[in-house]
Amino acid sequence: MDAAPAQAAGPELEVAGVAKRFAATQVLHGVDFSVPAGQAVALIGANGAGKSTLLRCCLRLIEPDAGTIRLLGRDVRALDPAGLRALRAEIGFVFQKHNLVGRLSALSNVLHGAIGRAPFARAWFQSLAPRALREEAMECLHRVGLAAIAERRADRLSGGQSQRVAIARALMQRPRLMFADEPVASLDPAAGEEVMALFLDLIRRQGLTLLFTSHDLAHAIAFADRVIALRAGRIVLDAPAATLDVAQLRALYD
Amino acid sequence: MRTSVPPRFEQPGILAFAAWLAVVAFFVVALSGTKASLGDLVSGAPQIVRLVGEMLPPSTARLGPVGWALLETFQMAFVGTVFGVLFSVPLAVLATRHLSPHPAVYHAARTAIAFFRTVPDLVWALLFVVSVGLGPFAGVLAIIVDKLGFCGRFFAEAMEEADRGPQEALSAIGARRSALVACAVLPAAMPSFVATSLFSLEKATRSSVVLGLVGAGGIGIELKVAMDLFSYDEAATIILAIFALVLVVERASAWLRGRMI
């Protein structure tokens, strides 16, 4: 399962006609787009536009009502629970609020990235992990510049450090595709800039495909190859980032 | 613009008024039903004074056997609590709405926990004395079942309240339910688990004294024999010993709670 299959001929992510309703609110109205391998795509839109729901629907953290989703060549909605877990294990997901386990060490949290591929319980806590996994987790922490605080409890880390540990956890998955839901929205501007630059640098260096949501329009233009804008559950703009400016995107929020 | 001052008290509705009236009426009936009498209390006062007089000074004649019985009492409480807490964890997982494998399993687990909790430990002790015989093992079993009801409920509530963020993150990584529980839920619920477990050790220490009265081991039987033989000075020693044990367990558990949470 570890060996990456030969690069699929089609796009890494393909979404067609995806719809989702929560009670009386139709959050997504048949969204279509695809992302080729290696591209970084920013998903923008006002609060409630459906960005986070769309990301979660892609991994079925929220079940979509309609449409097809193909990730890494697999039909996500047709997968059984084991198949879904195997797919999720290959896709990194960085959340706005890092979502680390506060009472465990940074190293144990990073190790959790291997939970989908490690034998039973061997990636639960660093004390149970085989040497190779521990070393790989340390390497991931090193790549985000936090090897020195591997033993520190996650709830003792700063916001920026926590998000970097969350990125290391996603790297530990050896992902081919990365999702990020407003990865720096809870950080102050300086820390946000720093974490975003680090994150994109790691993504580019590994040639990963990235889909991230952001409220920071300058970030969207600076860090993405392409920007997709959602308004009330529909795509209203899909263009290369190089052709856009902040004022243009700001107008979409009016 | 409003100028009148609102009334001091809200006017009760007719149903609320009737309910209050029923409660007061039942209290009056209950007073006569329980034969509560100030006269009996006053006339019984000299008896209480005489009893206390006979208790003093506490006898040290059977200090050895009392000490061993006290140790056995605490052993029952400790072993029963350890097993009770251990068995409560998987039961509580099944009784946690979002972690239970099926709604039917969830409801079955919740019902079992409610049943274990509502039947008093003394009744469990009576049942186990009949099934495994007189002695501390029956008491241990009664404490285990009592803890399943107590810890099962509070553990499940702690797990339902655990932060869902890390759980969502691990689901997104492809974690199974077992990994989710072990890596995200248990660490988050651990402070509450520790507090509940220590509190249930205190509770088990107190209740294991009473379990002895029905023959389920421990110091309770010593107290009953002393009272039945009118050896009030010995009974006083036993009561003081129980007081000391409960106090030590409570102090130690408060200290541990402070350190571990």
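## Strands β1 and β2 of chain A

In this predicted model, strand β1 (residues 13-22) and strand β2 (residues 25-35) of chain A run antiparallel and are joined by seven bridges. One facing pair is A:Leu13 and A:Val35, the latter in β2(A).

The two strands form a hairpin. Two residues lie between them. A:Ala23 sits in the turn, and its phi is positive, about 50°.

## A further partner for β1

β1(A) also pairs with strand β4 (residues 66-71) of chain A. Five bridges hold this antiparallel pair. Within β4(A), A:Ile69 is the bridge partner of A:Val15.

## The six-stranded sheet

Chain A also has an open sheet of six strands. Their order is β6-β7-β8-β3-β9-β10, with mixed pairing. Which strands stand at the edges? They are β6 (91-94) and β10 (234-240) of chain A. Each has a single partner strand, so one side of each is left without a neighbour in the sheet. On average, neighbouring strands of this sheet are turned by 15° against each other, direction ignored.

Take the edge strand β6(A). Its link to strand β7 (residues 177-181) of chain A is parallel and has four bridges. Here A:Gly92 stands opposite A:Met178, a residue of β7(A).

## Where chain B meets chain A

Chain B puts 18 residues in contact with 20 residues of chain A. On the chain B side, α7 (164-173) and α8 (177-211) are the elements that give two or more residues. α7(B) gives the most, with eight.

What classes of residue make up this side of chain B? It has 13 nonpolar, three polar and two charged residues.

Note on methods. Residues numbered from 1 in each chain as written. Chains lettered and ligands numbered in written order. Predicted model: local features only at pLDDT ≥ 70, side-chain atom pairs only at ≥ 80, totals over all residues. Pairing = 2+ DSSP bridges. Axes fitted to C-alpha atoms, helices over the stretch in contact; angles between N-to-C directions. Contact = placed C-beta atoms within 7 Å. Nonpolar A, V, L, I, M, F, W, Y, C, P; charged D, E, K, R; others polar.
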